[in-house]
Amino acid sequence: MAESTIGVAIHGAGDVAHAHALSWIKNPRARVVSISSRSPQSAQALADRLGLVCDVRHKYDEVLADPRVNIVDICSPNHVHAEQGIAAAEAGKHIFVEKPMAMSL
């Protein structure tokens with residue numbers, strides 16, 4: 001991966017993740033390097049549907065440990081956004097969150 005390329009990990013594999021992946025694919029400076037979900041089958045289905053050659057994972061810790069990942073695009077359910085966003089920040093990753101970061105204070 002070129003130094004000027006941003007490594008993107010998409011976490012969550014639903015409809016929103018599909019839309020985000022399409023946008024990342026259009027960006028010549030970005031490369032989807034990982035798709036993860038609590039369901040490895042749904043993550044693999046998203047990668048297959050878009051023709052992406054990337055890692056497919058179901059363990060979020062593995063995503064955060066990947067040195068190729070510069071940004072985590074969090075497309076998981078709302079109630080886990082804060083926890084996952086904080087973990088990504090602590091791992092030194094940039095974060096993009098589709099929905100609310102938290103459901104309460």
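I began with E62, which comes out at 38% relative accessibility and so counts as partly exposed. This is a predicted model, so I take each value here as computed on a prediction.

Next I looked up the partner of E62. A salt bridge links E62 to R57, with the closest N and O atoms 3.9 Å apart; the cut-off is 4 Å. R57 has a relative accessible area of 13%, so R57 is buried.

I then followed R57 onward. R57 also forms a salt bridge with D66, and there the closest N and O atoms are 3.2 Å apart. D66 is buried too, since its relative accessible area is 6%. Salt bridges with shared partners join D55, R57, E62, D66 and R68 into one network.

Which residue does R68 pair with? I found a salt bridge from R68 to D55, the closest N and O atoms being 2.4 Å apart. R68 sits in the loop between α3 and β4, and D55 in strand β3, so this pair ties together parts 13 residues apart in sequence. R68 is partly exposed at 29% relative accessibility, and D55 is partly exposed at 30%. My tally for the model is five salt bridges.

Last entry, the helices. α1 (residues 15–26) and α2 (residues 40–50) pack at about 40 degrees, their axes 11 Å apart; they are therefore oblique to each other. The crossing of α1 past α2 is right-handed. On the α1 side I noted A17, H18, A21, L22 and I25, which meet L46, R49 and L50 of α2. These contact residues divide into six nonpolar, one polar and one charged.

Technical notes
Residues are numbered from 1 along each chain as its sequence is written. This is a predicted model: local features need pLDDT of at least 70, side-chain atom pairs count only at pLDDT 80 or more; totals for chains, interfaces and linings use all residues. Side-chain values use heavy atoms; hydrogens and water are left out. Axes are lines fitted to C-alpha atoms, for helices over the stretch in contact, and angles run from 0 to 180 degrees between N-to-C directions. Helices (H or I, at least four residues) and strands (E, at least two) are DSSP runs, numbered from the N terminus. Angles under 35 degrees count as roughly parallel, over 145 as roughly antiparallel, 65 to 115 as roughly perpendicular and the rest as oblique. A crossing is left-handed if the near helix is turned anticlockwise from the far one by less than a right angle, and right-handed if clockwise. Contact means heavy atoms within 4.5 Å. Ala, Val, Leu, Ile, Met, Phe, Trp, Tyr, Cys and Pro count as nonpolar, Asp, Glu, Lys and Arg as charged, and the others, Gly among them, as polar. A salt bridge is a side-chain nitrogen of Lys or Arg within 4 Å of a carboxyl oxygen of Asp or Glu. Buried means under 20% relative accessible area, exposed over 50%, partly exposed in between (1.4 Å probe, protein chains only).
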